[in-house]
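Please walk through the model below with its charged pairs, its sheet and its core in mind. The text takes these topics in turn.

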Amino acid sequence: MKPFDSITEAIAVNRLSRSQFLATAGRGLAIGAMSSALTSCAKQVAQPVTAQTTPTPNGPVPKLPAVSPPATVPSDPAKPIELEPIKAKTEQKNPPTPTPLPPGQRVGYAVVGLGHLTLDEILPALSMSKKSKIVALVSGSPEKMKKVAEQYGVRNDYCYSYADYDRLKDNKDVQVIYIVLPNGMHAEYTVRGAQAGKHILCEKPMANTVAECQTMIDACKQANVKLMIAYRIQYEPYNRKVREMVQANQFGKVKSIVANNGQNSDNPKHWRFNKALAGGGSLPDVGLYCLNTIRFVLAEEPTEVSAMIHSTPGDPRFTEVEEQVNWLMKFPSGVQASCATSYGHHDDKSYRVLADTGWIKMDPAFPYQGLKLMTSQAQGKENQVIEHDMGQKNHFMAEMDHFSDCVQNNKTPFTPGEEGLQDQKIMEAIYQSAREGRPIKLAKIDKKDAFRHTARRRVAADRRRTRQGPPDLPPTRVGRIGRASPCPTGQNRFEVWSGNGIFEYGKFRGFGPQVPPRYLRHRCWSGAHYDHTQECHQDQSLSLGLLVLWTAWCRENDLRPDSGQDH
Ligand code: NAD
């Protein structure tokens with residue numbers, strides 16, 4: 001029987017059974033209840049919040065309704081939650097809402113050296129970071145380390161002395177070692193860290209000599225780990241904005257840059273005044289900011305330097321290292337840069353870019369916070385001077401999250417070891433110029449950003465490699481495993497031999513039960529050599545037999561590294 005639309009209709013035709021009456025009446029009641037609920041909701045939203053109270057021993061406190069205003073919550077963890085707008089569109093935008101990775105997915109850092117920079121900046125920055133987390137500490141002072149470990153929630157068994165440093169290789173929660181030691185120790189701790197199979201973030205200056213820098217690069221390449229030099233200025237928004245303006249010729253052609261980074265440093269007993277530990281005085285410590293930032297802003301390399309050095313006679317601070325350096329740099333585009341650095345004058349950290357139609361000033365340019373950017377340009381009868389306020393971003397957090405992203409997504413850092421090596425070459429030329437009293441010519445490098453890895457160039461390089469394939473691919477037949485033995489780094493290495501010598505060389509994390517081939521990934525190849533490096537996902541281990549089969553399978557299928565293919 002056809003249901004009635006209303007009780008009235010049923011009564012009208014006088015054909016209503018008991019069950020039909022209940023069903024029809026119930027439906028009506030439900031619709032009525034629903035519409036009155038909706039009306040009351042609408043009223044609630046429209047009504048102003050009335051102040052109810054909650055009684056407490058100290059008198060009533062206002063009770064306000066707890067509600068969640070509208071928000072968009074994307075399922076992609078990398079996308080931020082969008083809250084309801086509270087500012088007019090014409091106002092300055094807030095910094096982006098943080099999008100932290102869940103703690104278990106962040107890259108684990110071991111920080112080596114618990115001095116000023118670590119305690120004042122790096123550890124607090126790690127607490128704010130989105131992709132990085134502190135998991136281990138290395139220090140020569142157990143007492144200090146215990147307190148720091150408590151402050152930052154680092155496990156006792158993840159605290160290492162310098163003597164225990166190499167044991168980091170056994171700590172699977174550590175992926176990156178951040179070296180924050182005196183400059184003269186950077187090379188040794190980088191090489192040992194790389195041999196332990198960890199990616200390395202090393203403080204500036206990279207090392208004391210060009211030879212040390214090269215050794216660090218080679219060690220990281222050989223261990224197939226990433227190396228980044230901690231040039232925080234290249235990751236913070238103000239100096240990046242300057243680079244953007246310069247690259248866009250916003251004020252026409254740049255003619256010259258004047259830069260200074262100096263401070264009044266004390267305590268002659270500190271390692272910064274010891275040549276072996278510091279490598280030099282004000283130049284590698286603070287003058288380096290002028291040098292590196294100018295190279296970054298111009299995206300080109302100097303071809304000539306000319307320098308003078310002075311240290312106050314009799315000052316106990318300057319028996320081994322210099323007080324003050326003034327130097328000139330000439331760039332292929334015609335830009336001339338005039339730089340100064342000192343350990344002997346009141347704090348000043350600034351630079352000015354002078355171009356055809358305007359200037360750009362950063363003052364201060366290099367401290368951890370409080371950076372200020374101004375530009376000036378004539379506009380008819382007035383000179384328009386603008387102060388650009390872009391808020392502040394933690395430099396160390398930005399730099400570490402960049403490196404963590406590189407580690408997680410197999411990218412080359414923006415400031416790799418080659419960037420530090422280039423600075424070291426220029427600093428050595430500056431010292432030579434001052435020593436010999438003449439300008440020193442540097443190798444001409446025409447390529448923009450020759451030592452920096454921009455995303456565009458990296459993508460192009462990847463495409464080129466994929467197109468060309470391995471340059472020296474030997475016959476597809478796999479020869480025999482030449483050697484497979486535990487090495488001092490704790491990572492088993494293998495070499496696969498073919499008719500014309502070693503053609504594959506890599507490492508993997510230990511022998512063990514076989515895992516299905518889909519857990520294996522061949523990750524990268526570098527330079528001119530076809531270099532298979534296998535890594536087991538999620539701590540799965542890999543058997544030697546399987547490795548041989550897998551290697552053969554890869555070769556037969558002509559798989560390209562960088563393909564990111566799981567198989
Ligand atoms: P610091 O003297 O405050 O700390 C150095 C740490 O190294 C201390 O914990 C010290 O105990 C330890 N250490 C181990 N062996 C040592 C030895 N033989 N002699 C002296 N100390 C020894 O120095 P810092 O200011 O923290 O600088 C550390 C590194 O960070 C340096 O390479 C420096 O250039 C760099 N740094 C970078 C920035 C930046 O903005 N990126 C700022 C400051 C320092």
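In this predicted model, Arg 295 and Asp 423 form a salt bridge whose closest N and O atoms are 2.6 Å apart.

The structure has 23 salt bridges. Another of them joins Asp 315 to Arg 317, with the closest N and O atoms 2.8 Å apart; here too, Asp 315 and Arg 317 are buried. The salt bridge between Asp 173 and Lys 172 has its closest N and O atoms 3.9 Å apart. How exposed are Asp 173 and Lys 172? Asp 173 has a relative accessible area of 30%, so it is classed as partly exposed. Lys 172 is at 59% relative accessibility and therefore counts as exposed, because the cut-off for exposed is over 50%.

Next comes the sheet. It is open and has 9 strands, in the order β18-β17-β16-β15-β11-β14-β13-β12-β19, with mixed pairing. At the edges are β18 (382-388) and β19 (440-441), each of which pairs on one side only. Within the sheet, β16 (residues 358-362) and β17 (residues 373-379) are antiparallel and share 5 bridges; Ile 360 has Thr 375 in β17 as its bridge partner.

Helix α9 packs on this sheet and touches β11 (254-264), β13 (324-330), β14 (336-342) and β15 (344-355), while its direction makes about 155 degrees with that of β11. Helix α11 lies across β12 (304-310), β13 and β19, at about 60 degrees to β12.

The largest nonpolar core contains 104 residues, and the members that touch the most others are Leu 137, Tyr 178, Trp 327, Met 329 and Tyr 351. Helix α9 (residues 282-298) gives the most to this core, namely 9 residues. Which residues does Trp 327 contact, leaving aside its neighbours within four places in sequence? They are Leu 283, Gly 287, Cys 290, Leu 291, Ser 306, Ala 307, Ala 337, Ser 338, Cys 339, Ala 340, Thr 341 and Ile 430.

Terms used
Residues are numbered from 1 along each chain as its sequence is written. This is a predicted model: local features need pLDDT of at least 70, side-chain atom pairs count only at pLDDT 80 or more; totals for chains, interfaces and linings use all residues. Side-chain values use heavy atoms; hydrogens and water are left out. A nonpolar core is a set of buried Ala, Val, Leu, Ile, Met, Phe, Trp, Tyr and Cys residues joined through side-chain atoms within 4.5 Å. Buried means under 20% relative accessible area, exposed over 50%, partly exposed in between (1.4 Å probe, protein chains only). Helices (H or I, at least four residues) and strands (E, at least two) are DSSP runs, numbered from the N terminus. Contact means heavy atoms within 4.5 Å. A salt bridge is a side-chain nitrogen of Lys or Arg within 4 Å of a carboxyl oxygen of Asp or Glu. Two strands pair if DSSP finds at least two bridges between them. Axes are lines fitted to C-alpha atoms, for helices over the stretch in contact, and angles run from 0 to 180 degrees between N-to-C directions.
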